[in-house]
Amino acid sequence: VLNQKLDALSRVLALENQVVAEHSLHQVSLSEGGIALDSPKPWQRNQELALKLILLPSYSGLILRGRILSCAGTQAPFRLHIEFTDISEAHQQLIARHIMRKQKELAHPGSEEA
């Protein structure tokens, strides 16, 4: 219960202190081990990068390191498949909870968490 209250408080603070621009929102395919997303520019295989993720609607923020597994396409948007590197167990658990929430929302549209 205490964790839920802290999460709710952090969401309120995030909403008040940070506006997420509509153009910065992207649909992605997310797993505990990596992410697939579209990019306006091509990337080279094995190239390293830093990712800043904000998981909505909880506004949980993550900064992760990754490595390009593949970059598909001949023109923009390019489809990137990125493997997370040096990801902590806590970040993996946060991603897993986010995925479970999203799956629950898809299975039961319109239902809200208590």
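S39 is buried in this predicted model, with a relative accessible area of 6%; buried means under 20% relative accessible area, exposed over 50%, and partly exposed in between, with a 1.4 Å probe and protein chains only. The residue is placed in strand β2, which spans residues 34-39. Helices (H or I, at least four residues) and strands (E, at least two) are DSSP runs, numbered from the N terminus. The side chain of S39 makes a polar contact with the side chain of W43, at 3.2 Å. A polar contact is a pair of N or O atoms within 3.5 Å; within protein, one must be able to donate a hydrogen and the other to accept it, and residues adjacent in sequence count only if both atoms are side-chain atoms. Not counting residues up to four places away in sequence, S39 touches P77, F78 and L80, where contact means heavy atoms within 4.5 Å.

Residues are numbered from 1 along each chain as its sequence is written. Because the model is predicted, local features need pLDDT of at least 70 and side-chain atom pairs count only at pLDDT 80 or more, while totals for chains, interfaces and linings use all residues; side-chain values use heavy atoms, with hydrogens and water left out.

The chain holds two helices and five strands, in the order α-β-β-β-β-β-α from the N terminus on. Of its 114 residues, 25% are buried. Among contacts between residues at least 6 apart in sequence, 52% join residues at least 24 apart.

Strand β5 (residues 78-85) pairs with both β2 and β4; two strands pair if DSSP finds at least two bridges between them. Six bridges join β2 to β5, and the two run antiparallel; here L37 stands opposite L80. Strands β4 and β5 also run antiparallel, joined by seven bridges, and L80 is the bridge partner of C71. In a regular strand the side chains alternate between the two faces of the sheet.

The hairpin of β4 and β5 has five residues between the strands, and G73 in the turn has a positive phi of about 120°. T74 also lies in the loop between β4 and β5 and counts as exposed, at 82% relative accessibility. T74 and P42 are 32 residues apart in sequence, and their C-alpha atoms are 8.6 Å apart in space. Strand β4 covers residues 60-72 and includes S60, which is buried with a relative accessible area of 19%. S60 touches L53, I54, L55 and L94, not counting residues up to four places away in sequence.

The largest nonpolar core has 18 residues, of which I35, I82, F84 and I95 touch the most other members. Two or more residues each come from β2, β3 (48-55), β4, β5 and α2 (89-107), and β3 gives the most, with four residues. A nonpolar core is a set of buried Ala, Val, Leu, Ile, Met, Phe, Trp, Tyr and Cys residues joined through side-chain atoms within 4.5 Å. Leaving aside neighbours within four places in sequence, I35 is in contact with V28, S29, L30, L51, L53, L80, H81, I82 and F84.
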